[in-house]
Amino acid sequence: MSRGALSREEIRQRVDALGPWFHNLDLNGVPTAPSHFLGDYPNVKWRRFSGIIPDRLEGKTVLDIGCNAGFYAMEMKRRGAERVLGLDTDDEYLAQARFAAEVNGLRIEFRKMSAYDVGQLREKFDLVIFMGVLYHLRHPLLALDLIHEHVAGDLLLFQSMQRGASRVDSLDKNYDFWTTDQFDSPGYPKLHFIENKYADDPTNWWVPNRACAEAMLRSAGFAIAAHPEEEVYLCKRVTRPQAEGPVYPSRETGR
């Protein structure tokens, strides 16, 4: 019997066995995380910015880095994307994503891979989704650099948790050694380091303020095209403003 033919009770049993879920998905009437502390998440967030993604993605390729249970990967496939690849480092999340895609009858590939290893794909994608990942990484700017160099062909859909001021200061291109007041300004780019835990999660390492999130995107070679929701950006891949790129892995040399 195919997964699509499973009864609601059979789906419920499988959902319970694969839990706990962070994505609240509707699997033929069975919610996967109905008591989520953020509500109907991530659908409640998706509704606030879904209009910036084209309704039809025929012929397009999509890479979802840190796909979790596959909510955004499945939404892209529902919009007709030719190929969708979801990556995560958590076996439990990948098992959830594969099951959810099968129940929904969506052909999506899922692989166990980190953001640091995307160079192994040797493929550029029309749209890269990088949502809810940056602050879980010990080396966040490296990840953005690697995405720019190896897999981003055109667009980047980005989201990060943000804390601190939402103000963004207008900054000079350079400051002399004795000028330090800008560092105390709430609108100066700040990346807050978490040594232990935040929200009971030991993988929450860094949290940017808004100015920092935007500055990191620009520094990695992503021009902000839209900012439809306070944490979400749609970016266009452009030439990096600095020549220095990621140090690991090294640039391909054709060997």
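Start by selecting Arg 14 and Phe 99: the charged end of Arg 14 sits over the ring of Phe 99, 5.8 Å from the ring centre. Keep in mind as you click around that this is a predicted model.

**Stop 1: another arginine over a ring**

Now pick Arg 138 and Trp 205. Here Arg 138 lies over the face of the Trp 205 ring, and the distance to the ring centre is 4.4 Å.

**Stop 2: the nonpolar cores**

Go back to Phe 99 and keep it selected. Phe 99 is among the residues with the most contacts inside the largest nonpolar core, along with Trp 21, Leu 27, Met 76 and Leu 157. That core has 38 residues. To see what builds it, colour α1, α3 (71-78), α4 (91-103), β6 (125-131) and β11, the elements that give two or more residues each. Which of them gives the most to this core? It's α4, with six residues.

For a view from the inside, centre on Leu 27. Leaving aside neighbours within four places in sequence, Leu 27 touches Ile 11, Val 15, Trp 21, Thr 32, Phe 99, Ala 100, Val 103 and Asn 104. There's also a second, separate core, this one of 31 residues; select Phe 125, Leu 137, Cys 212 and Tyr 233 to find some of its members. As a general rule, nonpolar side chains in soluble globular proteins tend to be buried together.

**Stop 3: aromatic pairs**

Searching the whole structure turns up 11 aromatic pairs. Take Phe 22 and Tyr 41, which pair edge-to-face, 5.5 Å centre to centre with 65 degrees between the planes. This pair links distant parts of the chain: Phe 22 is in the loop between α1 (8-18) and β1 (26-27), while Tyr 41 is in the loop between β2 (30-31) and α2 (43-46), 19 residues apart.

Next, jump to Phe 177 and Trp 178. They also form an edge-to-face pair, with centres 4.9 Å apart and planes at 90 degrees.

Before moving on, select Trp 46, Phe 49, Phe 71 and Tyr 72 together. Ring pairs link these four residues into a cluster.

**Stop 4: a hairpin**

Switch to cartoon and find strands β10 (residues 222-229) and β11 (residues 232-237). They pair in the antiparallel sense over five bridges, and they make a hairpin with two residues between them. To get your bearings on the pairing, show Phe 222, which stands opposite Arg 237 in β11.

**Stop 5: Tyr 198**

For the last stop, find Tyr 198 in the loop between β8 (191-193) and β9 (206-208). Tyr 198 is partly exposed, because its relative accessibility is 32%. What does Tyr 198 contact, leaving aside neighbours within four places in sequence? Met 161, Arg 163 and Asn 204.

Tyr 198 and Tyr 233 are 35 residues apart in sequence and 23 Å apart in space, C-alpha to C-alpha.

How values were computed:
Residues numbered from 1 in each chain as written. Predicted model: local features only at pLDDT ≥ 70, side-chain atom pairs only at ≥ 80, totals over all residues. Heavy atoms only, no water. Phe/Tyr/Trp six-rings, centres within 6.5 Å; stacked < 30°, edge-to-face > 60°. Helix = DSSP H or I, 4+ residues; strand = E, 2+ residues; numbered from the N terminus. Lys NZ or Arg CZ within 6 Å of the ring centre and 35° of its normal. Pairing = 2+ DSSP bridges. Core = buried A, V, L, I, M, F, W, Y, C linked by side-chain atoms within 4.5 Å. Buried < 20%, exposed > 50% of the residue type's maximum accessible area, 1.4 Å probe, protein only. Contact = heavy atoms within 4.5 Å.
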